[in-house]
Amino acid sequence: MQGIIAAFAAAPIVFFFPAYFYAKAAMKAGEWAKMLLLEKFWVGVMIFVLFPFCFVVGLIAAFASIAESWSGVGFPFQCVVASQL
């Protein structure tokens with residue numbers, strides 16, 4: 001469960017929000033037109049490539065980890081003796 005929360009939180013915090021707020025601030029200040037094309041490219045890469053990729057891969061890895069853990073233990077909420085783990 002911690003992995004799912006991390007996938008939902010980490011990818012936006014690291015990749016989406018900084019690039020989005022940077023772009024919005026540049027547009028509001030009137031600097032967006034003056035920015036280098038390379039700078040705009042990296043903002044776009046962070047928002048449209050890195051963020052979705054890390055978000056999806058993180059969620060898939062988290063769900064795969066949960067499925068792998070459940071496969072050896074049994075059904076959810078089933079009592080498991082600690083010595084069986």
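## Contacts and overall make-up

Among contacts in the chain between residues at least 6 apart in sequence, 68% join residues at least 24 apart. The model discussed here is predicted. Its chain holds two helices and zero strands. The helices are α1, which covers residues 2-29, and α2, which covers residues 37-73.

The chain has 85 residues, and 18% of them count as buried. Its accessible surface comes to about 6,600 Å². Carbon and sulfur atoms account for 76% of that surface.

## Helix α1

Helix α1 is made of 28 residues. From its first C-alpha to its last it reaches 39 Å, which is close to the 40 Å expected at 1.5 Å a residue. The helix bends by about 45° at Ile13. After α1 comes Gly30, a residue with a positive phi, near 80°.

Several residues of α1 are buried: Ile4, Ala7, Ala11, Pro12, Phe15, Ala19, Ala23 and Ala26. An α-helix has 3.6 residues a turn, so residues three or four places apart point the same way. Within the buried set, Ile4, Ala7 and Ala11 can be read with that spacing in mind, as can Ala19, Ala23 and Ala26.

Leu59 belongs to helix α2. Leu59 is classed as buried because its relative accessible area is 14%, and the cut-off for buried is under 20%. Leaving aside residues up to four places away in sequence, Leu59 touches Ile4, Ala7 and Phe8.

Gln2 is exposed because its relative accessible area is 69%, and exposed means over 50%. The other pair is Tyr20 and Met46, which are 26 residues apart in sequence and 9.0 Å apart in space, C-alpha to C-alpha.

Ile13, Val14, Phe17, Tyr20 and Phe21 make a nonpolar surface patch of about 480 Å². Tyr20 and Phe21 are both placed in helix α1. Ile13, another member of the patch, is also the residue at which α1 bends.

## One salt bridge

Side chains of opposite charge can pair when their charged atoms come close. In this model the count comes to one salt bridge. The partners are Glu31 and Lys34, whose closest N and O atoms are 3.8 Å apart. That pair qualifies because the limit for a salt bridge is within 4 Å.

Are the two partners buried or exposed? Glu31 is partly exposed, with a relative accessible area of 38%. Lys34 is exposed, with a relative accessible area of 62%.

Note on methods
Residues numbered from 1 in each chain as written. Predicted model: local features only at pLDDT ≥ 70, side-chain atom pairs only at ≥ 80, totals over all residues. Heavy atoms only, no water. Salt bridge = Lys/Arg side-chain N within 4 Å of Asp/Glu carboxyl O. Buried < 20%, exposed > 50% of the residue type's maximum accessible area, 1.4 Å probe, protein only. Patch = residues over 30% accessible without salt bridge, like charges linked within 9 Å, V, L, I, M, F, W, Y side chains within 5 Å. Areas by Shrake-Rupley, 256 points an atom, 1.4 Å probe, with all protein chains shown as cover. Helix = DSSP H or I, 4+ residues; strand = E, 2+ residues; numbered from the N terminus. Contact = heavy atoms within 4.5 Å. Expected span 1.5 Å × (residues − 1). Bend = angle between axes of the 7 residues up to and from the residue.
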